[in-house]
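Dear colleague,

I am handing over the structure that we spoke of, and I would be grateful if you could look through it with the notes below beside you. The notes begin with the terms and then go through the structure part by part.

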Amino acid sequence: MSNVKFLEVGSEEVGQRLDNFLLKHLRKVPKMLVYRIIRKGEVRVNKGRAQPSRRLELGDIVRVPPVAMAEVGETVIPPKAQMDKIESLILYEDNDLLVINKPSGMAVHGGSGVSWGLVELVRNLREDARRVELVHRLDRDTSGAIILAKKMSVLRNLHEQIRQDQVEKRYLTLVAGQWPKGKQKVDLPLIKNTLRSGERMVDVSPDGKACLSYFFIQQQFAQVALMEVRLVTGRTHQIRVHARAQGCPVVGDDKYGFDEINKQFKALGMARLALHAKRLVFTHPLTNKQIEIEAPLFNDFTRTIKTLEQASGK
């Protein structure tokens, strides 16, 4: 067990979320435990309770309670094969940031029964990325482009770009059924709920946070539609819940989707969530140049689209 700590927020940590601040300082503490001590009010910012999403300011004092640490000397080293795989999936890299084409099934962080994730892979892969942090998140089952910052100043700048809707994020997805004709704008507030089992669900609710997506039909097949989605906001499970609200859940979605359609596409080789972050456009925080990233689809997604096109005679 560690003792109570009082950590002062420095200039390089200004604007960082409380949860990310703690995850950085408590690297050997399980992620679930970090969120638990925040939820229970054991973590204090300037002597007051705080939410995980609170943005820290210069000079804030964060009280960290005694927590169970991993065994001294225990270091999580991901398998070399996985590090080699991620090396091959780097889409862009410089001294300040990386963009990686994350595979479906890979968590972005270790924790919750996962000993390592994308962040741990990159920290072990690059000497200059020992303190790399996620700029944004992708669900474990979602594939595609994700940005990681090597410097706190870069992280803060990109977070501000996201808040100002200056980062273009586009996805490709297969959704079940016939997409409603002429329906592009989906403006439905979303709220998070946690079931008794501990499973996290997201629902459309007037009490939820504002949430905006645009859906564009690329190809309509007999049972599914290939859609491009542009996100304006970036809420948890946003595309998945907005698609379900139109009666067209994402193929392979075992939380919000149709079991029968999921089984059919699993047999076709699409045995995962058919959602891919295909395009990112943002301004480089230090050079001010516009960076445009296109993340190629993985083979299972490409083969499935080709099978659908052949079946429809396209």
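Helices (H or I, at least four residues) and strands (E, at least two) are DSSP runs, numbered from the N terminus. Please keep in mind that this is a predicted model, in which local features need pLDDT of at least 70 and side-chain atom pairs count only at pLDDT 80 or more, while totals for chains, interfaces and linings use all residues. Residues are numbered from 1 along each chain as its sequence is written, and side-chain values use heavy atoms, with hydrogens and water left out.

I start with K40, which lies in the loop between α2 (31-39) and β2 (44-45). With a relative accessible area of 51%, K40 is exposed, where exposed stands for over 50% relative accessible area, buried for under 20%, and partly exposed for what is in between (1.4 Å probe, protein chains only). The side chain of K40 makes a polar contact of 3.3 Å with that of E42; such a contact is a pair of N or O atoms within 3.5 Å, and within protein one must be able to donate a hydrogen and the other to accept it, with residues adjacent in sequence counting only if both atoms are side-chain atoms. From K40 to E260 the C-alpha to C-alpha separation is 40 Å, and the two are 220 residues apart in sequence.

After α2 comes G41, with a positive phi near 80°.

The sheet that includes β2 is an open one of three strands in the order β1-β3-β2, with antiparallel pairing; two strands count as paired if DSSP finds at least two bridges between them. Its edge strands are β1 (5-8) and β2, each of which pairs on one side only. Four bridges join β1 to β3 (residues 61-64) in the antiparallel sense, and L7 has V62 in β3 as its bridge partner. On this sheet packs α1, which touches β1, β2 and β3 and whose direction makes about 60° with that of β3; axes are lines fitted to C-alpha atoms, for helices over the stretch in contact, and angles run from 0 to 180 degrees between N-to-C directions.

The ring centres of W179 and F215 are 4.7 Å apart and their planes are at 25°, so the pair is stacked; rings of Phe, Tyr and Trp (its six-membered ring) pair if their centres lie within 6.5 Å, and planes under 30 degrees apart count as stacked, over 60 as edge-to-face and the rest as tilted. The pair links distant parts of the chain, 36 residues apart, with W179 in the loop between β8 (168-176) and β9 (185-187) and F215 in strand β12 (residues 212-220). Both W179 and F215 are buried.

The loop between β8 and β9 is also the place of G177, which is partly exposed, with a relative accessible area of 24%. Leaving out residues up to four places away in sequence, G177 touches Q220, Q223, V224, A225 and C248. The C-alpha atoms of G177 and Q223 are separated by 5.0 Å, although the two residues are 46 apart along the chain.

Notes. Contact = heavy atoms within 4.5 Å.
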